[in-house]
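Here is a short briefing to read alongside the sequence and the 3D view. Keep the viewer open and follow each topic in turn.

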Amino acid sequence: MEILILGAGSLGSLIGGLLARAHDVTLVGRDPHVAAVRDAGLRITGVETLTTHPAATTDASGASADLALVTVKAYDTPGAADALATCDVDAVCSLQNGMGNEERLAAGLDVPVLAGTTTYGARLADPGHVEWLGRGRVTVGPWRPVDAVARSERVAAAFRAADIDAAATTDVRRRLWEKLAVNAAINPVTALARVENGALTPPGALAEVATAAGTETARVARADGVDLSTATVHEAVEDVVRGTARNRSSMHQDVAGGRRTEVEAINGYVVDRAAAAGESVPVNRTLAALIRGWEAGAGLR
C-alpha cells in the first residue's frame, strides 16, 4: 500500500517508520529531520531498535497514495487539508490528538475520511531518530461516510501487515471522546506542573485535578450523545498513567520546548461543547485558561 504521512514529528515518524517495513511510505515533515531521513533512513530506538527507509519530503503537493495518515498538530489541520486537496489519495485517516480534526478534514476534502486513535508513545530525539517509548494499539473507524467499515478494515489490515496492533471499529466517536478525556486529564496537569505522567498516580492533589477533568469530559460526552461512563474514563486515565509513568505528555513536551500546545482541541474543545450543552466544566475551563495564559506570556498566541 502507498501511504503518505502528513506530519513527520514524533508519532508520525514512528508510525511511518514501522509501516515502512511492509509498505511504500512517504514522510512529510520539516528539515533537518526530513533531510536526515532521506540521507540515512529513520533510526528507531526504544521498544525495538531498527532502521527503516521511508521516502521523505517537505512538500506533499501533488502526491498520490492509497492512504494519507494525518499526524500534524491539531492547529495545523487546515493546512494539512489544503495540502491534501492537491493530492490524489483514496482515503484520509486522522491519528491526531484532540477533537474536531475529522470535521476539518472532511470539510476540505472529497475523499472518505477515517478517524483513528493510538496509544503508541514516541519522542523525536534528533533529526532522523525517533524514540519508541511504548507499544500500543491503533483503532480506526469511519467518519465520512459513516458506513465505510470495509475501508476501515483494510486500513487496519495494512497496519497489522507491518506488525502494528490495529483493529477497525464502528464505535470510533466514543473512542475519540474517551481519548479526549484521557488527554484532558493528563496533558494540562503534567504540563503545568512539569512532571512525568506517573506523578498523577493516586492519591495526591495532581491526581485529583486530573480525575476531575476526566469526569467533566465524560459528562460532556454523554450530553453530546456518546455513551461514555465516568468509571470508564477513570480506568482509562489510570491505565495510561500507569503504562506511561516515565513519559512526558505531548503538552508537557510542548511547554518545555516553548512551543504552542493543542489545548484548544483538548480542554478548549471540552469547554466549547459544555457551553453548547449547558454543562459546567470549571476544572477544564481553569486548565485551558492557565495553558492559554502561558502561551500568551510566551508570545505563542
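Which residues in helix 7 meet which residues in helix 11? From helix 7 come Val 209, Ala 212, Ala 213, Glu 216 and Thr 217, and they meet Pro 282, Val 283, Asn 284 and Leu 287 in helix 11. Please bear in mind that this is a predicted model.

**Helix pairs**

- The residues of the contact between helix 7 and helix 11 divide into six nonpolar, two polar and one charged.
- Helix 7 spans residues 205-223 and helix 11 spans residues 282-297; their axes come within 8 Å and cross at roughly 115°.
- A second pair to look at is helix 6 (residues 172-193) with helix 10 (residues 267-277), whose axes are 9 Å apart and pack at an angle of about 120°.
- An angle of 65 to 115 degrees would count as roughly perpendicular, and helix 6 and helix 10 are therefore oblique to each other.
- On the helix 6 side, the contact is made by Trp 177, Leu 180, Ala 184 and Pro 188, while helix 10 brings Asn 267, Tyr 269, Val 270 and Arg 273.
- Sorted by type, the residues of the contact of helix 6 with helix 10 are six nonpolar, one polar and one charged.

**The annotated domain**

- An unreviewed UniProt entry places the feature "domain: Ketopantoate reductase N-terminal" at residues 3-144.
- Over residues 3-144, the chain is 24% helix and 39% strand.

**Helix 2 and its surroundings**

- Helix 2 covers residues 33-40, and its buried residues are His 33, Val 34 and Val 37.
- Viewed down the axis of helix 2, these buried residues fall within an arc of 100°, so they line one face of the helix.
- Turn to the other side of helix 2 and you will find Asp 39 and Ala 40 exposed.
- The buried residues of helix 2 pack against helix 1 (10-19) and several strands, including strand 2 (24-28), strand 3 (42-46) and strand 5 (55-57).
- Strand 11 (121-126) and strand 12 (129-134) are also among the elements that the buried residues of helix 2 pack against.
- Gly 41 follows helix 2 and has a positive phi, near 85°.

**Helix 3 and its cover**

- Thr 77, Ala 80, Ala 81 and Leu 84 are buried in helix 3, which runs over residues 77-84.
- The buried residues of helix 3 fall within an arc of 100° when seen down its axis, so they line one face of the helix.
- Their cover includes strand 1 (2-6), strand 7 (67-70), strand 9 (92-94) and helix 4 (101-108).

- Is Asn 247 buried or exposed? Asn 247 counts as buried because its relative accessibility is 16%, and the cut-off for buried is under 20%.
- Asn 247 sits in the loop between helix 8 (230-243) and helix 9 (250-256).
- Leaving aside residues up to four places away in sequence, Asn 247 touches Leu 133, Glu 196 and Asn 197.
- Thr 119 lies in the loop between strand 10 (113-118) and strand 11.
- With a relative accessible area of 53%, Thr 119 is exposed.
- Not counting residues up to four places away in sequence, Thr 119 touches Gly 134, Gly 136 and Arg 137.
- Thr 119 and Thr 139 are 20 residues apart in sequence, and their C-alpha atoms are 9.2 Å apart in space.

Definitions and conventions
Residues numbered from 1 in each chain as written. Predicted model: local features only at pLDDT ≥ 70, side-chain atom pairs only at ≥ 80, totals over all residues. Heavy atoms only, no water. Axes fitted to C-alpha atoms, helices over the stretch in contact; angles between N-to-C directions. Helix = DSSP H or I, 4+ residues; strand = E, 2+ residues; numbered from the N terminus. Contact = heavy atoms within 4.5 Å. Nonpolar A, V, L, I, M, F, W, Y, C, P; charged D, E, K, R; others polar. UniProt positions renumbered as here; feature names shortened; annotations may be inferred. Buried < 20%, exposed > 50% of the residue type's maximum accessible area, 1.4 Å probe, protein only. Arc of directions from axis to C-beta. Parallel < 35°, antiparallel > 145°, perpendicular 65-115°, else oblique.
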